[in-house]
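Dear colleague,

Please find the structure below, handed over for your use.

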Amino acid sequence: MSAPLPVGFPLPTSAGKIEVKQYPAYRSGTYVYEGQLDRARNVSFNPLFQHISSNNIAMTAPVEARYPATASENVAKADDFGKTEVSFLYRSTDIYPAQIAKDIKIEDHAPMLVVSIGDRGEYSFTSYQRQVQELRTWLAANPEYEVIGSPRQFLYDSPFTPDALKRSEVQIQIRLRSL
């Protein structure tokens, strides 16, 4: 892996596999990008890297991307415009930056249960949408779970990793339905 996972995070989901995973609470530094959806990850990298560098915070994997709710629909295109939140995750919730740039927000996230699908290959908006649809198909076949959050994408490898080797996953926050 390009960097260590935050404390308590499960390993990435294998390519093509769907699994239910539990995540602990975590903290992130988030940059909100507004523009062409497929460019969000690349444009957000520098402000986020500057944030962790100026605070001597070690890089972790994954990077988290949360696209607008409508972006998970197949009708959205990679060159569509919208607001995307891209986050670097801190290694632990004990870390808090001394300096926070005006374009970075610090967020604490509660523990969560997700359904996740792993992927290998180029990080693309099209693969994100395909994975969301595969998770929705899985959820329809597993009615004991209900969706309680928007999809997110986890990106595990550095920009210097060859596309064929890059690992990612798309997740949707869920909970068991009450009986």
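Helix α1 has 15 residues and reaches 22 Å from its first C-alpha to its last, close to the 21 Å expected at 1.5 Å a residue. Helices here are DSSP runs of H or I with at least four residues, strands are runs of E with at least two, and both are numbered from the N terminus; the expected span is 1.5 Å times one less than the number of residues.

The model is a predicted one, in which local features need pLDDT of at least 70 and side-chain atom pairs count only at pLDDT 80 or more, while totals for chains, interfaces and linings use all residues. Residues are numbered from 1 along each chain as its sequence is written, and side-chain values use heavy atoms, with hydrogens and water left out.

A kink of about 30° lies at Asn-46 in α1, shortly before the proline Pro-47; the bend is the angle between axes fitted to the seven residues ending at a residue and the seven starting there. Pro-47 is also among the buried residues of α1, together with Ala-40, Arg-41, Ser-44, Leu-48, His-51 and Ile-52 (buried means under 20% relative accessible area, exposed over 50%, partly exposed in between, with a 1.4 Å probe and protein chains only). These buried residues pack against β2, β4, β5, α2 and β7, where contact means heavy atoms within 4.5 Å. After α1 comes Asn-56, with a positive phi near 55°.

For helix α2, the end C-alpha atoms are 25 Å apart, which agrees with the 24 Å that its 17 residues should span at 1.5 Å a residue. Its buried residues are Phe-125, Ser-127, Tyr-128, Gln-129, Gln-131, Val-132, Leu-135 and Leu-139, and their cover includes β1, α1, β6, β7 and β8.

The sheet is open and has eight strands in the order β1-β6-β8-β7-β3-β4-β2-β5, with antiparallel pairing; two strands pair if DSSP finds at least two bridges between them. At the edges are β1 (18-23) and β5 (104-109), each pairing on one side only. From one strand to the next, the twist averages 35° (axes are lines fitted to C-alpha atoms, for helices over the stretch in contact, and angles run from 0 to 180 degrees between N-to-C directions).

Helix α1 (residues 40-54) lies across β2 (26-36), β4, β5 and β7 (145-155), at about 35° to β4. Helix α2 (residues 125-141) touches β1, β6 (112-120), β7 and β8 (167-176), and its direction makes about 130° with that of β6.

Within the sheet, four bridges join β3 (residues 63-66) to the antiparallel β4 (residues 81-89). Ser-87 is buried, with a relative accessible area of 2%. Its side chain and that of Thr-30 are joined by a polar contact of 2.6 Å (a pair of N or O atoms within 3.5 Å; within protein, one must be able to donate a hydrogen and the other to accept it, and residues adjacent in sequence count only if both atoms are side-chain atoms). Beyond four places in sequence, the contacts of Ser-87 include Ser-28, Leu-48 and Glu-107.

Ser-28 belongs to strand β2 and is buried, with a relative accessible area of 0%. The side chain of Ser-28 makes polar contacts with the side chains of Thr-30, at 3.4 Å, and of His-109, at 2.8 Å.

Yours sincerely
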